[in-house]
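Please look over the following model with attention to its aromatic side chains and its charged residues. The report after it is written for a reader who wants the cut-offs alongside the values.

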Amino acid sequence: YTPGSYSFRLGDAHANDAGHGGGETIKYRFTVTPNNCNFTYHYAVVLKDGGHSNGQQPYFKIGMLDGNNNPIDCATYDVDATTAQTIGGFVSVGPLLYKNWTTVFIPLNNYIGQTVSIQFTTRDCAPNGCEGSHYAYAYIDADCNTLQIGATSPTICNGQTVVLTAPDGAASYS
């Protein structure tokens, strides 16, 4: 993984001595311009399964809101130690579940002039007597680079083919 110059860790990997689980949130707000409308975030996440019911497991959430506080399509992610076992992309090592660096591209062209926000949250387990014994933490990086489509050849002659490569995190393009 090499996209950005900096990343940060959200959450921890130890029990909370105060008898309750920890939770961490970071929110970033910015005004969308033509120069930063190609928002890409990268994350890697670790969840320690406590065998708890849904709603009490450690979790990781991502949400992005437009200028009117409406969710932005394709920018929401919500996983806990139970759902991580079934949604794919996670590796299990004993009670630990981890997802290696993943890139998500969010086009913000329709939000130019608005102040949008993105929020990342980790939370430890929640049942009484167990709080903080099972944890969640994530590494996060983000950037707003210009979109470029790479090609295997700068020119195409009659009958030749070329392979186009979309930016990291893009699902499709036309």
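The model is predicted, so local features are given only at pLDDT of at least 70 and side-chain atom pairs only at pLDDT 80 or more, while totals for chains, interfaces and linings use all residues. Residues are numbered from 1 along each chain as its sequence is written, and side-chain values use heavy atoms, with hydrogens and water left out.

**Overall fold.** The protein chain comprises 1 helix and 11 strands, where helices (H or I, at least four residues) and strands (E, at least two) are DSSP runs numbered from the N terminus. The order of these elements from the N terminus is β-β-β-β-β-α-β-β-β-β-β-β. Of the 174 residues in the protein chain, 36% are buried, buried meaning under 20% relative accessible area, exposed over 50%, and partly exposed in between, with a 1.4 Å probe and protein chains only. Among contacts (heavy atoms within 4.5 Å) with a separation of 6 or more, 74% join residues 24 or more positions apart.

**Aromatic pairs.** The structure holds 10 aromatic pairs, two of which are tabulated below. Rings of Phe, Tyr and Trp (its six-membered ring) pair if their centres lie within 6.5 Å, and planes under 30 degrees apart count as stacked, over 60 as edge-to-face and the rest as tilted.

| Pair | Centre distance | Plane angle | Class |
|---|---|---|---|
| Tyr28 and Phe30 | 5.5 Å | 25° | stacked |
| Phe39 and Tyr41 | 6.5 Å | 50° | tilted |

Phe30 counts as buried because its relative accessibility is 8%, and Phe39 and Tyr41 are buried as well. These residues belong to one aromatic cluster, formed by Tyr28, Phe30, Phe39, Tyr41, Tyr43, Phe60, Tyr77 and Phe120.

**Lys99.** Lys99 is found in strand 7, residues 96–107, and touches Tyr43, Ala44, Val45, Tyr77, Gly89 and Phe90, not counting residues up to four places away in sequence. Which side chain of opposite charge is nearest to Lys99? It is Asp78, 12 Å away, and the buried Lys99 has no salt bridge, a term that requires a side-chain nitrogen of Lys or Arg within 4 Å of a carboxyl oxygen of Asp or Glu. The side chain of Lys99 does make a polar contact with the side chain of Tyr43, at 3.1 Å.

**Ser53.** Ser53 lies in the loop between strand 3 (38–48) and strand 4 (59–65), and is partly exposed because its relative accessible area is 44%. Ser53 and Ala126 are 73 residues apart in sequence, yet 9.8 Å apart in space, C-alpha to C-alpha.

Technical notes
Lys, Arg positive; Asp, Glu negative; His and termini not counted. Polar contact = N/O pair within 3.5 Å; in protein donor to acceptor, adjacent residues only side chain to side chain.
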